[in-house]
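User: I would like to learn how to read the features of a model like this one, step by step. Could we take them one at a time, with the general idea before the particular case?

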Amino acid sequence: MDLEERYDKLLRYCYMKLRDETLAEDITQETFTRFYESKNYHDTGKEMAYLYTIARNLCTDHFRKHQDVLIGDLPSEEQDTPTAGNQEAMIVNRLSIESALDRLDAEERELLMLRFACDMSVTDIGKTMNMSRFSIHRRLSAALAKLKKEMEG
């Protein structure tokens, strides 16, 4: 995986946690700075798990320092859609998914984001969140079931 691909994945992760494009870019850059300055990382082939751990900690630190900051509205994304009706359906679908995700707790949202949006393996998620693979698998299954129930309800 090249540097640009790693950067894009981490930027997406930070953006999904922070909902602020500029802040996500800043934290992504800080993640790479800390990674390259780190003396704790030994080349084990698990660079992405370590990068996600740094990014997660930086996002958590940001929220601790800025607890009064409100999460912004849904981002506006430019998408090439053939019809306005199709675009409206996509917006409604996105809003229903966002709403269902908002009803999950923070850990459930993060697990789902790491697994499906960031395409991390269960093993890497476990290393990032300092949990066993079994625990991650069990919590992912529960989060998916809860999300499905929220989407149906």
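User: Is the crossing of α1 and α5 left-handed or right-handed?

Analyst: Handedness is judged by looking from the near helix to the far one: the crossing is left-handed if the near helix is turned anticlockwise from the far one by less than a right angle, and right-handed if clockwise. Here the helices (DSSP runs of H or I, at least four residues, numbered from the N terminus, with strands being E runs of at least two) α1 and α5 make a right-handed crossing. Please keep in mind that this is a predicted model, in which local features need pLDDT of at least 70 and side-chain atom pairs count only at pLDDT 80 or more, whereas totals for chains, interfaces and linings use all residues. Residues are numbered from 1 along each chain as its sequence is written, and side-chain values use heavy atoms, with hydrogens and water left out.

User: At what angle do the axes of α1 and α5 cross, and which residues make the contact?

Analyst: The axes (lines fitted to C-alpha atoms, for helices over the stretch in contact, with angles from 0 to 180 degrees between N-to-C directions) come within 11 Å and cross at roughly 155°. The two helices are therefore roughly antiparallel to each other, given that angles under 35 degrees count as roughly parallel, over 145 as roughly antiparallel, 65 to 115 as roughly perpendicular and the rest as oblique. Their contact (heavy atoms within 4.5 Å) involves R12, Y13, M16 and K17 on the α1 side, and E110, M113, L114 and A117 on the α5 side. Sorted by class, there are five nonpolar, no polar and three charged residues in this contact, where Ala, Val, Leu, Ile, Met, Phe, Trp, Tyr, Cys and Pro count as nonpolar, Asp, Glu, Lys and Arg as charged, and the others, Gly among them, as polar.

User: How many helices and strands are there in the secondary structure of the protein?

Analyst: There are seven helices and zero strands, and from the N terminus on the order of elements reads α-α-α-α-α-α-α. Among contacts between residues at least 6 apart in sequence, 59% join residues at least 24 apart.

User: Which residues of α3 are buried, and what covers them?

Analyst: A residue is called buried when its relative accessible area is under 20%, exposed when over 50% and partly exposed in between (1.4 Å probe, protein chains only). In α3 the buried residues are M48, A49, L51, Y52, I54, A55, L58, C59 and H62, and their cover includes α1 (3–18), α2 (21–37), α5 (106–117) and α6 (122–129). Over the protein, with its 153 residues, the buried share is 30%.

User: How does α2 pass α3?

Analyst: The crossing is right-handed, with axes that come within 9 Å and cross at roughly 130°, which makes α2 oblique to α3. From α2, the residues L23, I27, E30, T31, F32, R34 and F35 meet E47, Y50, L51, I54, A55, L58, C59 and H62 of α3. That contact divides into ten nonpolar, two polar and three charged residues.

User: At what angle do α3 and α6 pack?

Analyst: α3 and α6 pack at about 40°, their axes 9 Å apart, and are therefore oblique to each other; the crossing is again right-handed. A49, Y52, T53 and R56 of α3 meet D124, K127, T128 and M129 of α6, a contact with three nonpolar, two polar and three charged residues. D124, at 16% relative accessibility, counts as buried, and leaving aside neighbours within four places in sequence, D124 is in contact with K46 and A49.

User: Where is R19 placed, and what is the phi of this residue?

Analyst: Most residues other than glycine have a negative phi. R19, in the loop between α1 and α2, has a positive phi near 60° and, at 24% relative accessibility, counts as partly exposed. N130 also has a positive phi, near 60°; N130 lies in the loop between α6 and α7 (133–152) and is exposed, with a relative accessible area of 73%.
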